[in-house]
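This report describes the architecture of one protein, from its overall make-up to individual residues. Please keep the sequence and the model in view while reading.

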Amino acid sequence: MKKKPFVTKEQLEEIVKKYPTPFHLYDEKGIRENAKAVKEAFAWNPGFREYFAVKATPNPFILDILKEYDCGCDCASLTELMLADSQGFDGKHIMFSSNDTPAEEFAFANELGAIINLDDFTHIDFLEKTIGRIPETISCRYNPGGVFKMSNGIMDNPGDAKYGFTHEQIIEGFKILKEKGAKHFGVHAFLASNTVTNEYYPKLARELFELVVELRFINLSGGVGIPYTPDQTPNDIRVIGEGVRVAYEEILVPAGLGDVAIYTEMGRFMLGPYGCLVTTAIHEKHTHKEYIGVDACAVNLMRPAIYGAYHHITVMGKEDAPCDHKYDVTGSLCENCDKFAIDRMLPKIDMGDLLVIHDTGAHGFSMGYNYNGKLKSAEVLLKEDGSTQLIRRAETPEDYFRTFDCFDILKDMKHPK
């Protein structure tokens, strides 16, 4: 399978006249079509709602698009709660799934009326002491431990994860929560990440459905992946939704639990393929290896540097040229791991070529940082009509130094001309 950018070379050449590289570009058409497909795949469940994992792409313009499809927000921090609230998401549309949670964050989630998803047995007392009560609607995160296996082998190792209640703890936890006034219960689980198989959600659903005794909703969390490499087959959300429906009909309906709502909490699947990092080749180096230096770096996309993650690269205008040059594609950080690709076969790259780094729509910009004093890039939305909208401007040196204001050093700082 060939991975194709959602933008043409001609479009990019016009866009870079207005927004200098590097920048993250998002595909509004793709985002909308995917959100619609997810909603349709689970339409059989009247209470279904996708709670988009805000950490994946924390941008108000993106959240506004998803809101049109009745998506909620899954938040993991105070600022993510603030962002969801600022965009008009009410409490029923906000899930607060955090861990090692500060008291003030529980308090703010409660103030918003968000659904609080507890990560640990001890958080029951901590939450009660923090807000003075246990909410009527509450969720708990479940971790069965051990190794999560499927037909194609080991998918992940929940036993090594820091998240969630054990089986015994969650049963006892629900008893205690009920005694403390909770009336509606949810269970949440995340057993594997970026699974590129239609089997994952149905198998996870079966595990959770069998755990359920008296719940209002079941949160299948995320874990539905995307095909980062060209040889992978994309997940089919409609097949996944049907697999969950079959498990629901076989397990919950006979138990008289046919009114249980299904929630999902996807970030990568919702946005990953609908974003890309656009960068320009600015240097070439011929030493022990062949290097192409680009104007983006790990500040703009950390995943290859910290995970060794694969992100496909298209050299715009050379899509059909032979991939007969082996390159390391690098950024400018003072770290040797600052590489978008290692020993990657690509067409011959000339200086000034535009490169599209695929699948950065989730966990791309959001994982950025300011090491080496590097500044975060702009985010641009490619709208359905082909026009563009700046949805986050690029950082400036003034932004970087802003937190030094109280030391009065900015006034004497020289600025480049």
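In what follows, Ala, Val, Leu, Ile, Met, Phe, Trp, Tyr, Cys and Pro count as nonpolar, Asp, Glu, Lys and Arg as charged, and the others, Gly among them, as polar. The model is a predicted one.

## Overall architecture

The protein contains twelve helices and 19 strands. It has 417 residues, and 51% of them count as buried. Among contacts with a separation of 6 or more, 68% are made by residues 24 or more positions apart.

## The second largest pocket

The second largest pocket holds about 490 Å³ of space. Its lining is made up of 23 residues, and those nearest the centre are Pro227, Pro234, Pro273, Tyr274 and Asp359. By type, the lining residues comprise 13 nonpolar, five polar and five charged.

Two elements, α2 (28-41) and β12 (275-286), each contribute at least two residues to this lining. The element that gives the most is α2, with three residues.

## The nonpolar cores

The largest nonpolar core comprises 73 residues, and the members with the most contacts inside it are Leu66, Leu118, Leu177, Phe209, Ile218, Ile237 and Met270. Helix α9 (residues 237-252) supplies the largest share of this core, namely seven residues.

What does Leu66 touch, once its neighbours within four places in sequence are left aside? The residues in contact with Leu66 are then Ile31, Ala35, Phe52, Cys71, Met270 and Leu271.

Helix α5 spans residues 103-112, and its buried residues are Glu105, Phe106, Phe108, Ala109 and Leu112. They lie on the same side of α5 because they cover an arc of only 165 degrees around the axis. The exposed residues Glu104 and Glu111 are carried on the face of α5 turned away from its buried side.

Against which elements do the buried residues of α5 pack? Their partners are α4 (78-86), β4 (94-97), β5 (115-118) and α6 (123-131). After α5 comes Gly113, which has a positive phi near 80 degrees.

## Backbone exceptions

Pro22 belongs to the loop between α1 (9-18) and β1 (23-27).

Two aspartates have a positive phi. Asp100 has a phi near 50 degrees, and Asp359 has a phi near 60 degrees. Asp100 lies in the loop between β4 and α5, whereas Asp359 is in the loop between β17 (354-357) and β18 (378-382). Is Asp100 buried or exposed? Its relative accessible area is 68%, so Asp100 is exposed, the cut-off being over 50%. Asp359 has a relative accessibility of 4%, so this residue counts as buried, the cut-off being under 20%. Asp359 is also one of the residues that lie nearest the centre of the second largest pocket.

Ile240 has its place in helix α9. Its relative accessibility is 1%, and Ile240 therefore counts as buried. Although Ile240 and Pro202 are 38 residues apart along the chain, their C-alpha atoms are separated by 6.6 Å.

Ala182 is located in the loop between α7 (167-179) and β9 (184-189). With a relative accessible area of 4%, Ala182 is buried. The C-alpha atoms of Ala182 and Ile134 are separated by 6.3 Å, and these two residues are 48 places apart along the chain. Apart from its neighbours within four places in sequence, Ala182 is in contact with Ile134, Pro135, Glu136, Ile138 and Leu177. One of these partners, Leu177, is also among the residues with the most contacts inside the largest nonpolar core.

Technical notes: Residues are numbered from 1 along each chain as its sequence is written. This is a predicted model: local features need pLDDT of at least 70, side-chain atom pairs count only at pLDDT 80 or more; totals for chains, interfaces and linings use all residues. Side-chain values use heavy atoms; hydrogens and water are left out. A nonpolar core is a set of buried Ala, Val, Leu, Ile, Met, Phe, Trp, Tyr and Cys residues joined through side-chain atoms within 4.5 Å. Buried means under 20% relative accessible area, exposed over 50%, partly exposed in between (1.4 Å probe, protein chains only). Helices (H or I, at least four residues) and strands (E, at least two) are DSSP runs, numbered from the N terminus. Contact means heavy atoms within 4.5 Å. On a 1 Å grid over the protein atoms alone, a cavity is a set of points where a 1.4 Å probe fits but cannot get out, and a pocket is an open set with protein on both sides within 12 Å along at least five of seven lines; lining residues have an atom within 4 Å of a point. Grid points are joined across faces, edges and corners, and a volume is the space filled by probe spheres set on the points. The arc is that of the directions from the helix axis to the C-beta atoms.
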